[in-house]
Amino acid sequence: MIALAEIDEDKATTALHRMFARHDGHGSGARLLAHFTGAKEATTEQLIASLPGIGNLLGVLTSAALGERGAASVPAVHAALRALPFPAREEADHWWQDESTKYRLMQALGHAGPAAAPATPTLLAVLADEEIYRDTRHQAEVTLQAIGTPETADTIAAEVRRRADLVAHGVNDESDQSNENEDRNGFGLLLDVLLGMPSAALAASREVGPALAAVRRRFGTGIRTYEEDGEILEYTVHEVELADCIDEKVAKQIAEQVER
């Protein structure tokens with residue numbers, strides 16, 4: 001990686017993104033950061049403070065180094081994320097810097113894995129922010145899936161259920177109509193996040209079954225039927241996608257939740 005960075009920093013940055021997405025860095029983020037910056041004893045606060053003003057290569061390495069500190073770094077990283085503007089203000093002069101910093105902080109939380117579970121509500125707020133940069137929003141999705149705990153799956157599924165029930169119950173006035181439109185915009189994204197959660201988290205979640213039942217109510221005439229062994233069965237598009245994402249045993253457990 002050191003040699004590649006000397007040849008082409010952009011390609012090294014891309015390679016780092018892919019490497020950290022696929023593998024635990026085992027401390028390589030901190031070691032590479034120390035090599036390129038010479039700062040071997042930086043505190044968590046110093047690393048966070050550096051994020052807005054550094055380039056992409058050091059940004060990836062700093063996020064990885066923060067994540068490698070695990071639970072010890074999560075409170076400070078989460079606090080820094082919450083301190084940034086929500087909703088995003090695109091007209092602000094520092095909008096791009098803010099979005100890049102949010103992205104890097106969420107990368108750090110993703111590298112921390114399950115230890116970053118306390119940040120779940122903030123990450124859901126990022127998903128709901130329609131003014132936020134698309135890559136920042138996508139990183140919130142990736143981070144939630146990297147956290148990957150049953151409790152996080154519960155939280156996401158409960159929000160899916162809430163939004164599905166809002167639509168299923170209809171709207172009464174212009175304010176409700178506006179809220180429904182906002183729910184429609186974020187509903188599919190929430191489902192995408194849920195579908196990408198680890199199968200073990202989905203299996204252990206108590207909220208996935210009720211959420212799928214709410215999705216069924218929301219789809220209404222969108223429910224499809226098919227015949228299997230002489231029996232007519234119903235499904236929605238997202239239930240099929242969910243079954244494709246997890247193994248047969250887990251899919252059966254979730255189906256039993258829906259039946260109950």
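Guide: Let's start with W95, which is buried, at a relative accessible area of 14%. Here, buried means under 20% relative accessible area, exposed means over 50%, and partly exposed is in between, using a 1.4 Å probe and protein chains only. Before we go on, keep in mind that this is a predicted model: local features need pLDDT of at least 70, side-chain atom pairs count only at pLDDT 80 or more, and totals for chains, interfaces and linings use all residues. Residues are numbered from 1 along each chain as its sequence is written, and side-chain values use heavy atoms, with hydrogens and water left out.

Now, back to the tryptophan. The ring of W95 and that of Y133 have their centres 6.0 Å apart and their planes at 90°, so this pair is edge-to-face. For such pairs, rings of Phe, Tyr and Trp (its six-membered ring) need centres within 6.5 Å; planes under 30 degrees apart count as stacked, over 60 as edge-to-face, and the rest as tilted. W95 sits in helix α7, while Y133 is in the loop between α8 and α9 (134–147), so the pair ties together parts that are 38 residues apart in sequence. Helices here are DSSP runs (H or I, at least four residues), numbered from the N terminus. Like W95, Y133 is buried.

The structure holds three aromatic pairs. In another of them, W95 and W96 have ring centres 6.1 Å apart and planes at 45°, so that pair is tilted. W96 is partly exposed, with a relative accessible area of 49%. Put together, ring pairs link W95, W96 and Y133 into a cluster.

Helix α7 (95–112), where W95 lies, is also one of the elements that the buried residues of α6 pack against, along with α4 (44–50), α5 (56–68) and α8 (120–128). Contact here means heavy atoms within 4.5 Å. In α6 (residues 74–82), the buried residues are V74, V77, H78, A80 and L81. Seen down the helix axis, they fall within an arc of 160°, so they line one face of α6; the arc is that of the directions from the axis to the C-beta atoms. The face turned away from that buried side carries the exposed residues P75 and R82.

One last stop is K102, whose charged end sits over the ring of F86, 4.5 Å from its centre. That wording applies if NZ of Lys or CZ of Arg is within 6 Å of the ring centre and within 35 degrees of the ring normal.

Technical notes:
Helices (H or I, at least four residues) and strands (E, at least two) are DSSP runs, numbered from the N terminus.
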